[in-house]
Amino acid sequence: MKIVLHDAVLVSQAPASLRSWGPWQFPLIQRMEDGRLLLEFHREADSAVAYGLPMGQAVSSDEGNTWQEIPAPGIQAGLRLPNGDLLRAFQFP
């Protein structure tokens, strides 16, 4: 695997009025079966009360140069197993 870092690209940004710590962190990135990149990120309070709430998501079709946010419920992320099952972490509210 070869990873190349380029200039930063803004994918999603919290509202300017948000002053609390917690939202817009914990990014997860994966390549989907169709070749696009999927980015998931926590956009709620860093608290147990946020468990199970939808993650923010964005996809890129050009190797991360540009991103398009996806409204909830979005795309099911995870690892496709050889038998076709999707393995993913799930948090209940």
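Which residue in S3 is the bridge partner of leucine 37? Serine 60 is.

## Basis of the model

This is a predicted model, in which local features need pLDDT of at least 70, side-chain atom pairs count only at pLDDT 80 or more, and totals for chains, interfaces and linings use all residues. Residues are numbered from 1 along each chain as its sequence is written, and side-chain values use heavy atoms, with hydrogens and water left out.

## Strands and pairing

Strands (E, at least two residues) are DSSP runs, numbered from the N terminus. Two of them pair if DSSP finds at least two bridges between them. S1 and S2 run antiparallel and are joined by five bridges. Here glutamine 25 stands opposite histidine 42 in S2. The two strands form a hairpin with five residues between them. Glycine 35, in the turn, has a positive phi of about 95°.

S2 also pairs with S3 (residues 56–60). That pairing is antiparallel too and spans five bridges. The bridge between leucine 37 and serine 60 involves S3.

## Cover over S2

Strand S2 covers residues 37–42. Six of its six residues are buried (under 20% relative accessible area; exposed is over 50%, partly exposed in between; 1.4 Å probe, protein chains only). Leu37, Leu39 and Phe41 point one way from the strand. Leu38, Glu40 and His42 point the other way. Both sets are buried.

## Largest pocket

The largest pocket has a volume of about 700 Å³. Its lining has 26 residues, and the closest to its centre are Glu40, Leu53, Met55, Arg88 and Ala89. S1 and S2 are the elements that give two or more residues to this lining. S1 gives the most, with three residues.

A pocket is defined on a 1 Å grid over the protein atoms alone, as an open set of points where a 1.4 Å probe fits, with protein on both sides within 12 Å along at least five of seven lines. Lining residues have an atom within 4 Å of a point. Volume is the space filled by probe spheres set on the points, which are joined across faces, edges and corners.

## Salt bridges

Side chains of opposite charge can pair when their charged atoms come close. A salt bridge is a side-chain nitrogen of Lys or Arg within 4 Å of a carboxyl oxygen of Asp or Glu. The count comes to three. Glutamate 63 pairs with arginine 31, with the closest N and O atoms 3.0 Å apart. This pair links distant parts of the chain, 32 residues apart: glutamate 63 is in the loop between S3 and S4 (68–70), and arginine 31 is in strand S1. Glutamate 63 is exposed at 54% relative accessibility. Arginine 31 is partly exposed at 46%.

Arginine 80 forms a salt bridge with glutamate 33, at 2.8 Å between the closest N and O atoms. The partners are 47 residues apart, with arginine 80 in strand S5 (residues 79–80) and glutamate 33 in the loop between S1 and S2. Arginine 80 is partly exposed at 43%, while glutamate 33 is exposed at 66%. Arginine 36 forms a salt bridge with aspartate 34, again with closest N and O atoms 2.8 Å apart. Arginine 36 counts as partly exposed, at 27%.

Methionine 1 lies in the segment before strand S1 (25–31). It is exposed because its relative accessible area is 97%. Met1, Ile3 and Leu5 form a nonpolar surface patch, with about 500 Å² of accessible area together. Patch residues have over 30% relative accessible area and no salt bridge; nonpolar side chains (Val, Leu, Ile, Met, Phe, Trp, Tyr) are joined within 5 Å, like charges within 9 Å. Areas come from the Shrake-Rupley method with a 1.4 Å probe, and for residues only the protein chains shown count as cover.

Technical notes. Helices (H or I, at least four residues) and strands (E, at least two) are DSSP runs, numbered from the N terminus.
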